[in-house]
Amino acid sequence: MTLVKDRPADPRHRVIGSVEVLAAVLILLVILRGPLSGVVSGARMQTWTTVFVSVLVQAVPFLVFGVLLSAVIAVFVPSSFWARALPSRPALAVPAASLAGVVLPGCECGSVPVAGSLIRRGVTPAAALAFLLAAPAINPIVLTATAVAFPGNPEMVAARAVASLAVAVLMGWLWLRLGRADWIRLPHRPDLDRASKGEAFWSAVRHDVVHAGGFLVLGAAAAATINVLVPEAWLQTLAANPALSVLALAVLAVLLSICSEADAFVAASLSQFSLTSRLVFLVVGPMVDLKLIAMQTGVFGRAFASRFAPATFALAVVAGTLTGLVLL
Amino acid sequence: MNRQAQAVVLLLFGGAVLKASLTDLHLRYVKEGLRPFLLLTGAILVLTALFTLWYEYRPRRTAAAGDDHDHAHHEPRVGWLLLLPVIGLLLVAPPALGAFTADQSGTLPAAAESDYGPLPEGDPVPVGLLDYASRSIYDDGRSLGGRRVKLTGFLSTGPDGGPMLARIVVSCCAADGRPIKVGLSGGPVIDVPAGQWVEVVGRHSAQRAKDPVNQADISYLEVDEWQPIRAPKQQYE
């Protein structure tokens, strides 16, 4: 791939392009198939591969549907629609967008490209980011899953909804006060403007799947590594200390990168931990995790992700803990 | 990475997703309910690849537009990584989670319910591991009523070195998979290696143990007979 990095655009003078590299890679893979399966035969490596493939297989439908929705927004919904749909004052648009996220069932993998698309169509970044945080955290599917996973603690559902909505709205307002437009660098999506609608649509889908999908692979690999490397026994020693247990589960939520529709079941099974620390796990997970950080880096740029993710993490821990102290 | 290469990668990726969802392969990684979405996703990925190739290779209306906008834009290089899941699904196809996960993670705590209905008809009656553990621990085995039950799972080694039956419970995908463990006591000696799938017939035992990983209760089964079996189609519970 480095071979074609800065070459001139004329394909006729190029001997080795990406297609040729790709062909070579594929031929090598077929030849090396035997040794390759030998490498992944150990139990640890096998588990890593299974978890890696699982995270991807699980996330890809949500990513692809999110990308389709984002392409529809980019190509078929005129910018004027958003001006009419959202309150014109950004401070009001933030809670409105957060509430829109509540009713749209989605997974975090889908909402990243959708938020990027909203910003491209002129939606104020603060509102788009509030939507990005709210949509996967508090939609009906996620809240139902939470109720099912915590049959004895219905207050968990309310606490999760309140704390997550608060984080989404507060992060939106925080962006209005402190955010800088040049932190967001949406990747160049070529020729959406001069192409036909059909070409623009498929070009956007192709670009976003390849781009966000590549970062999803990075995130899935990181999550699989953590899953295999961190033995659960280590966590148990932290559960006894209230402050440490909140921090431990907050960090674990980031590292495990579990889909927001399943994290309630995992939280329910961590029964040695206090309800408050498990609430923090549920508030942090859908908003900050390894695959989300990777995808946000891909869609919005590194300058954005390196500020947005830590700020969201801190706010989510504080909001989750306070809500837990009051409601649980 | 130019557009033709992206199209080929998308075609491979979509093809791998389609292959996994058309066969039982996807059951190793996700719940069965995701299958229609996976089929749709694979089809959309393949369509995207075909449309990309079509727009790339169809005759241009104006030659100038065709030449200058081509190929060497800053197209996503990170897209090369999408070959990894293709390799994972088409060449490696890793097995469902098993003994390694069962050893590393604590057992799922049994679920407390207010009311345990009677077991279905049959002798022995097939019961899920999680159901058995819940009835055993929270109901003290009352609703098991001395009946002969048949449990299916893979073998792993218990805290006391004795044999233990385990199965991975998955709520969304294998990344959230956690084991449920049931200890085996008495009966004929079980002499197959960890990871082997077995069918065990036995009765409720009052014995209990603590999982060393997370101190959750582990219930036991008094074994009457057992036999090795092939791994079931749906390995997760």
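This is a predicted model: local features need pLDDT of at least 70, side-chain atom pairs count only at pLDDT 80 or more; totals for chains, interfaces and linings use all residues.
**Entry 1: an aromatic pair in chain A**

Residues are numbered from 1 along each chain as its sequence is written, chains are lettered from A and ligands numbered from 1 in the order in which they are written, and side-chain values use heavy atoms, with hydrogens and water left out.

Phe300(A) and Phe304(A) form a tilted aromatic pair, at 4.8 Å centre to centre with 45° between the planes; rings of Phe, Tyr and Trp (its six-membered ring) pair if their centres lie within 6.5 Å, and planes under 30 degrees apart count as stacked, over 60 as edge-to-face and the rest as tilted.

I then looked up what Phe300(A) touches, leaving aside residues up to four places away in sequence, and found among them Val112(A), Ile119(A), Leu132(A), Trp183(A) and Arg185(A), contact meaning heavy atoms within 4.5 Å.

**Entry 2: cores**

Phe281(A), Val284(A) and Phe300(A) have the most contacts inside the largest nonpolar core, which has 144 residues; such a core is a set of buried Ala, Val, Leu, Ile, Met, Phe, Trp, Tyr and Cys residues joined through side-chain atoms within 4.5 Å. A second, separate core has 24 residues, including Leu144(B), Leu151(B), Val198(B) and Leu221(B).

Phe65(A) is partly exposed at a relative accessible area of 25%, and Phe37(B) is partly exposed at 42%.

Ring pairs also link Phe76(A), Phe201(A), Trp202(A), Phe51(B), Trp54(B) and Tyr55(B) into a cluster.

For the contact as a whole, I record 72 residues from chain B and 69 residues from chain A. The two chains bury about 6,200 Å² between them, 73% of it on carbon and sulfur atoms, buried area being the accessible area (1.4 Å probe) that two parts lose on being put together, summed over both. Trp80(B), Leu91(B) and Phe100(B) supply 10% of the area that chain B buries against chain A, more than any other three residues.

**Entry 3: strands of chain B**

I found that eight of the eight residues of strand β4 (residues 178–185) of chain B are buried. β4(B) pairs with β3 (residues 163–169) of chain B in the antiparallel sense over six bridges, two strands pairing if DSSP finds at least two bridges between them, and Leu165(B) stands opposite Val182(B). β4(B) and β6 (residues 217–228) of chain B run parallel and are joined by four bridges, with Val182(B) opposite Ser219(B) and Gly183(B) partnered by Tyr220(B).

β6(B) also pairs with β5 (residues 197–210) of chain B, antiparallel over 11 bridges. β5(B) and β6(B) form a hairpin with six residues between them, and Gln215(B) in the turn has a positive phi of about 60°.

Key: Buried means under 20% relative accessible area, exposed over 50%, partly exposed in between (1.4 Å probe, protein chains only). Helices (H or I, at least four residues) and strands (E, at least two) are DSSP runs, numbered from the N terminus.
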